[in-house]
Amino acid sequence: MKFTKDQMLKLYEELVHVRTMNDKIVEFIFGGRIAGAIHPSLGQEAIVAGLMFAYENTPYEVWRTGTHRQQAAMARTVGLDGFLAELMNRATGTVHGIAGEYHLVKLDKKLLPHSGVLGVTPPTATGFAWSLKLGGKTNAVVSCPFGDGMMSEGYVYEAMNIASIHKVPILFIIENNGMAMSTPLEWESPIEDLYLRGISAGMKGSSIDGNDVEAVVEATLEGLDQAAKYNPNVIEMKTIRWGGHFVGDKQEVYRDMSFQEGLEKHDPVIRYEQTLLERGVANEDHFAKVKAEQRKLLDAAFEKAVEAPFPKKEDFLNPNIVYTNTDGLPL
Ligand SMILES: Cc1ncc(C[n+]2csc(CCOP(=O)(O)OP(=O)(O)O)c2C)c(N)n1
């Protein structure tokens, strides 16, 4: 795909947006301003930014599942202010702050459920995509990103098998960051290339450099296109988890920390800056400007969210709040 100058600048802005959101999450947790186990996408920004861009630049209606590492993409789907308030369990959140990011569902915004139980999301997403086909809905697809650890759960194989047999309009995206909590990939998989799991289910599949934001966009657009033609498929995006499993997790206790050597070579933001410099599309002043703008935007958004009140006790028992509204369903 040939990216226009505007598209390249937009992609850079998205990368910086995702990186800044990660930085803000770390700042708020270590600053004692929010609590809970939050799993940022530090080092994996190209996947989050690339998916956000692809979802907004495909001709298809994209129903999508979130993950515990895709805060920025989920925020883009449901709205930044509502998402951040939800992340912080504030009453102004997308679903009144009672779901948090893990249990957030917003059907009228095409955000499908994702489960905290590893492995459950691909089967439910496959069922939803199958219903789109059975209901005669065309030009609508499901995008289902998940990690390498989840790929080892039995349900995921079954989901891929069913999707392949019934030609369901779904794109499976495996974010292979080489770690599942404290388990390195080689302890849970005898093969390094996880897209082969999809091939074994009879789907098309590929493996790409998940730290190359343009490669993520191109592969995702193609994968969505195939899915819309009832060719379910899988893309493995290889990346590196920089931090612990969640903010505050002491990964040095269990992880071989040699992965940190030369890490900047894989930094998706630095890499794209080099690409834009080489192409003469942007300069250092532009990079600094975008970083300052994103910082300002997210400083304000995080402050607004954290200042909001918590939900009331009654909200947790209110069925109109607890259960998702099915108004957004297409069929
Ligand atoms: C069935 C189940 N087992 C274990 C867990 C605990 N757990 C939560 S996230 C996670 C690792 C997920 O790894 P991966 O799918 O690679 O995603 P990543 O966190 O690396 O993005 C584990 C083991 C869980 N939530 N559900």
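Reader: Which residues of strand 8 lie on one side and which on the other, and are they buried or exposed?

Author: Please keep in mind that this is a predicted model. To read a strand, one takes its two faces separately and asks about burial on each. In strand 8, Asn233, Ile235 and Met237 make up one side, while Val234, Glu236 and Lys238 make up the other, and the residues on both sides are all buried. Because 6 of the 6 residues of strand 8 (residues 233–238) are buried, the strand is largely enclosed by the rest of the structure.

Reader: Which strands pair with strand 8, and in what sense?

Author: Pairing is read from the bridges between strands, together with the direction in which the strands run. Strand 4 (residues 170–176) pairs with strand 8 in the parallel sense over 6 bridges, and in this pair Leu171 stands opposite Asn233. Strand 7 (residues 204–209) also runs parallel to strand 8 and is joined to it by 6 bridges, with Ser207 having Glu236 as its bridge partner.

Reader: How many residues of strand 1 are buried, and which strands does it pair with?

Author: Strand 1 (residues 61–65) is mostly covered, with 4 of its 5 residues buried. It pairs with strand 3 in the parallel sense over 4 bridges, where Glu61 stands opposite Ala140. Strand 1 also runs parallel to strand 2 (residues 111–112), to which 2 bridges join it, and here Arg64 stands opposite Leu111.

Reader: Which residues touch the most other members of the largest nonpolar core?

Author: For a core, one looks at its members and then at the elements that supply them. The largest nonpolar core has 75 residues, of which Leu15, Ala49, Ile170 and Ile174 touch the most other members; its largest share, 9 residues, comes from helix 2 (residues 45–56). Beyond its neighbours within four places in sequence, Ile170 is in contact with residues including Ala125, Val141, Cys144, Ala227 and Pro232.

Reader: How many residues surround the ligand, and which are the closest?

Author: The shell holds 18 residues, and the closest to the ligand are Leu118, Gly147, Gly149, Met150 and Ala180. Strand 3 (140–147), helix 6 (148–151) and strand 5 (179–180) are the elements that give two or more residues to this shell, and helix 6 gives the most, with 3 residues. Read by class, the shell has 7 nonpolar, 7 polar and 4 charged residues.

Conventions: Residues are numbered from 1 along each chain as its sequence is written. This is a predicted model: local features need pLDDT of at least 70, side-chain atom pairs count only at pLDDT 80 or more; totals for chains, interfaces and linings use all residues. A residue is near a molecule or strand if its C-beta atom, placed from the backbone, lies within 6 Å of it. Ala, Val, Leu, Ile, Met, Phe, Trp, Tyr, Cys and Pro count as nonpolar, Asp, Glu, Lys and Arg as charged, and the others, Gly among them, as polar. A nonpolar core is a set of buried Ala, Val, Leu, Ile, Met, Phe, Trp, Tyr and Cys residues joined through C-beta atoms within 7 Å. A residue is buried if 20 or more other C-beta atoms lie within 10 Å of its own, exposed if 12 or fewer, and partly exposed in between; C-beta atoms are placed from the backbone. Two residues are in contact if their C-beta atoms, placed from the backbone, lie within 7 Å. Two strands pair if DSSP finds at least two bridges between them.
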